Amino acid sequence: VDDAELQHITYRFTVNDQDLRSLPPPKSISPSTQIISLMNDNISHVDLTGYENLRDLFTLNLLGNPVRTVNIPVLIEFLNNHPHMAKFTMNYIPNEEFNEEHVEFIKDSMIEDSGVNLQITPLPDD
């Protein structure tokens with residue numbers, strides 16, 4: 001296998017339908033990971049501290065999780081300063097600590113032309 005072939009391999013970190021409750025520690029994820037998908041994992045708090053070290057990451061999918069709290073300053077810093085981040089998707093359960101006002105604040109804090117496709121939406125009712 002030569003380098004040209006290796007460049008076409010996409011590194012994914014996927015955990016779906018597990019009872020994780022929180023994001024995996026970034027040290028447990030390969031630094032060359034490009035796509036992280038953590039769907040329906042009962043994650044209630046999102047804190048991306050340390051995830052900035054995943055330099056190749058371009059998609060972070062947290063759909064289907066009952067997120068109630070988010071480390072907003074870290075999320076904004078991550079989305080605005082990560083070199084490859086292209087898509088961030090997350091559901092949440094609206095509450096006093098995280099709701100539509102916070103989502104608007106995050107969107108308003110994004111650098112213009114950042115190119116990040118940001119989808120933060122309330123968790124759909126089953």
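**Contacts, sheet and packing: the grounds for each term**

Me: Which residues is Y11 in contact with, leaving aside its neighbours within four places in sequence?
Reply: Beyond those neighbours, Y11 is in contact with S32, T33, Q34 and I35, where contact means heavy atoms within 4.5 Å. This is a predicted model, in which local features need pLDDT of at least 70 and side-chain atom pairs count only at pLDDT 80 or more, while totals for chains, interfaces and linings use all residues. Residues are numbered from 1 along each chain as its sequence is written, and side-chain values use heavy atoms, with hydrogens and water left out.

Me: Why does Y11 count as partly exposed?
Reply: The relative accessibility of Y11 is 38%. Buried means under 20% relative accessible area and exposed means over 50%, with partly exposed in between (1.4 Å probe, protein chains only). The value for Y11 therefore places this residue in the partly exposed class. Y11 is found in the loop between helix 1 (3–6) and strand 1; helices (H or I, at least four residues) and strands (E, at least two) are DSSP runs, numbered from the N terminus. Y11 and P31 are 20 residues apart in sequence, and their C-alpha atoms are 9.5 Å apart in space.

Me: What makes T10 partly exposed, and where does T10 lie?
Reply: T10 has a relative accessibility of 36%, and therefore counts as partly exposed. T10 lies in the loop between helix 1 and strand 1. Neighbours within four places in sequence aside, T10 is in contact with Q34 and I35. From T10 to I43 the separation is 33 residues in sequence and 25 Å in space, C-alpha to C-alpha.

Me: What makes strand 4 (residues 59–62) a partner of strand 2 and of strand 6 (residues 87–92)?
Reply: Strand 2 and strand 4 share 3 bridges and run parallel, with L60 of strand 4 as the bridge partner of I36. Strand 4 and strand 6 pair over 4 bridges in the parallel sense. T59 stands opposite K87 in strand 6, and N61 has T89 of strand 6 as its bridge partner. Strand 6 and strand 7 run parallel and are joined by 6 bridges; M90 stands opposite I120 in strand 7.

Me: Why are strand 1 and strand 7 (117–122) called edge strands?
Reply: The open sheet is formed by 5 strands in the order 1-2-4-6-7, with parallel pairing. Strand 1 and strand 7 each pair on one side only, and they are the edge strands. From one strand to the next the twist averages 5°. Helix 3 packs on the sheet, touching strand 6 and strand 7, and its direction makes about 175° with that of strand 7.

Me: How do helix 2 (residues 72–81) and helix 3 (residues 100–108) cross, and what makes the contact?
Reply: Their axes come within 10 Å and cross at roughly 30°. Axes are lines fitted to C-alpha atoms, for helices over the stretch in contact, and angles run from 0 to 180 degrees between N-to-C directions. I72, L75, I76 and L79 of helix 2 meet H102, F105 and I106 of helix 3. The contact comprises 6 nonpolar residues, 1 polar and no charged.

Me: Why is the pair formed by Y92 and F98 given its geometric class?
Reply: The whole structure contains 1 aromatic pair. The ring centres of Y92 and F98 are 5.1 Å apart and the planes lie at 90°, so the pair is edge-to-face. Rings of Phe, Tyr and Trp (its six-membered ring) pair if their centres lie within 6.5 Å; planes under 30 degrees apart count as stacked, over 60 as edge-to-face and the rest as tilted. Both Y92 and F98 are buried.

Conventions:
Nonpolar A, V, L, I, M, F, W, Y, C, P; charged D, E, K, R; others polar. Pairing = 2+ DSSP bridges.
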